[in-house]
Amino acid sequence: MGKDAGKKKQLREQLRERLQQSAKAPAPAPKKKGGKAAEPKAAAPAAAAEKPAALTKTQGKKAGKKAAAPAAAAPAKTAAAVKGAVTAESAKKKNNKKKNKKVVVKAPVKGGHEDDAPAAENMDLDVDVSDVSDVAPSDLDVSGSDDDDTPIETPAAAPKLSKMQEGMMRQLESAHFRFLNEQLYTTDGATALRMMKEEPHLFDLYHRGFRHQAESWPENPVQRILAEIKAHVPTTATVVDMGCGDALLAQELKPLGYTVRSFDLVAKPPHVEAADMASVPVKEGLADVVVFSLSLMNTDWGKGAAEGCRVLRKGGIMKIAEVVSRIPNLDDFIRCLEKLGLNVVSKDTKNPMFVMLTLRKKAAAVDKRIAAEFEPLKPCIYKKR
């Protein structure tokens, strides 16, 4: 009896192993001639798949009676058992993965073709990411390495100047302005242009000082010229501003429809173009109005005035504002302008600081060589305060 029980047990284990192997690796379904997959046939009983070891007649009868019923039901019962075992095994694997999770990283394929890649088993990299699922996103530090606790440095704000320091800065800027102002009034236009081209920041420094000086004036001449153009010149006109500074005329007149060309020693887009006042890139006779507001500065001021006459159309208007102290004899100054083909329309000397002239061009052509005979105006030198 003991031998029979052992052989029955061995038989059952062999059947179980065969069934598990067949469940894990099912055979592919064969195709019919028409191309459709054939319907799967019912699985043959495991007893038919494998013949048991030879038994004696007595053992065969006893084993046949006891194993007949279980053997007939073996396929169905074994499939259910296998399914349950697989489910239990899957649950166990999931629990193990949570405890010790690994990520398989595939190396990139060179050349962009999978066929050229080495075998996949040689490319898998196991990376241990155990217990990552329990970490909250807010706990992850992506700012840098774990050992780098150095705070990020922010640029320090500029220290606020004391009243005494502010006063010293104003005095320094005033000194720079006076120096530049003297240079511009005592050199020719080409030298002034070269100086500003080499050090463009001097242009801004000069005009900051100029604006500071203008704050103490009872009237800024450019504001007066602006008001007169708006009142008497149609918006279809072309205005050329010679020595424009901050280009106030362009800023105010362009939105109204005027065409404005603004020139000074340094270009300041979108309004200011860089040029020597003795030669600006404007066609002859194009302008309806030419403006010199405190800009006949250089020793060769006559060349700038002659260039203004060249670009001005016949019958066009030239407006000049100049410091009174620069013109010792106003009649001589006007006679120089008349030699360029201009006639005085109006003259305003009521302002103690500035003289305002409005002139009309009467000649069609201008002889610019005459301007070489003009004496330089007196330089406008600001006193040190």
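**Ala 321**

The model is predicted: I read local features only at pLDDT of at least 70 and side-chain atom pairs only at pLDDT 80 or more, while totals for chains, interfaces and linings use all residues. Numbering runs from 1 along each chain as its sequence is written, and side-chain values use heavy atoms, with hydrogens and water left out. Helices (H or I, at least four residues) and strands (E, at least two) are DSSP runs, numbered from the N terminus.

Is Ala 321 buried or exposed? Ala 321 is buried, with a relative accessible area of 0%. Buried means under 20% relative accessible area, exposed means over 50%, and partly exposed lies in between, with a 1.4 Å probe and protein chains only.

I then listed what Ala 321 touches, leaving out residues up to four places away in sequence. The list is Pro 221, Ile 225, Phe 292, Ser 293, Leu 294, Val 355 and Met 356. A contact here means heavy atoms within 4.5 Å. I also checked Val 222 against Ala 321: they are 99 residues apart in sequence, yet 8.0 Å apart in space, C-alpha to C-alpha.

Leu 294, one of the residues touched by Ala 321, sits in the loop between E6 and H9. Its phi is positive, about 55°, although Leu 294 is not a glycine. Leu 294 is buried at 8% relative accessible area.

Ala 247 also has a positive phi, near 60°, and is a residue other than glycine. I found Ala 247 in the loop between E3 and helix H8 (248–253). Ala 247 is buried, with a relative accessible area of 1%. I noted these angles because most residues other than glycine have a negative phi, and most peptide bonds are trans.

**Pro 269 and Pro 270**

I checked the peptide bond that joins Pro 269 and Pro 270: it is cis, with omega about 5°. Pro 270 lies in the loop between strand E4 (259–264) and strand E5 (272–274).

**Helix H9**

Why do I call H9 largely enclosed by the rest of the structure? I do so because 10 of its 11 residues are buried. They are Trp 301, Gly 302, Gly 304, Ala 305, Ala 306, Glu 307, Gly 308, Cys 309, Arg 310 and Val 311. The cover over them includes strands E3 (238–242), E6 (287–293), E7, E8 (342–348) and E9 (354–361), and helix H10 (330–339).

I picked out Arg 310, which is in H9 (residues 301–311). Arg 310 is buried at 18% relative accessible area. Beyond four places in sequence, Arg 310 touches Val 280, Val 282, Lys 283, Glu 284, Gly 285, Lys 361, Val 366 and Lys 368.

**Cavities**

How many cavities of 30 Å³ or more does a search of the whole structure find? The search finds two. A cavity is a set of points, on a 1 Å grid over the protein atoms alone, where a 1.4 Å probe fits but cannot get out; lining residues have an atom within 4 Å of a point. Points are joined across faces, edges and corners, and a volume is the space filled by probe spheres set on them.

The largest cavity has a volume of about 80 Å³. Its lining includes Phe 292, Trp 301 and Gly 304. I sorted that lining into six nonpolar, four polar and two charged residues. Nonpolar covers Ala, Val, Leu, Ile, Met, Phe, Trp, Tyr, Cys and Pro; charged covers Asp, Glu, Lys and Arg; the others, Gly among them, are polar.

The second largest cavity has a volume of about 40 Å³. Glu 219, Pro 221, Arg 224, Asn 351, Phe 354 and Met 356 line it.

**Whole protein and confidence**

I counted 10 helices and nine strands in the protein. Buried residues make up 31% of its 385 residues. Of contacts between residues at least 6 apart in sequence, 67% join residues at least 24 apart.

The mean pLDDT is 75, and 60% of the residues reach 70 or more. pLDDT is the predictor's confidence in each residue, from 0 to 100. It stays under 50 over residues 31–57 and over residues 98–146. Where pLDDT is low, the predicted coordinates should not be read in detail.

Methods
On a 1 Å grid over the protein atoms alone, a cavity is a set of points where a 1.4 Å probe fits but cannot get out, and a pocket is an open set with protein on both sides within 12 Å along at least five of seven lines; lining residues have an atom within 4 Å of a point.
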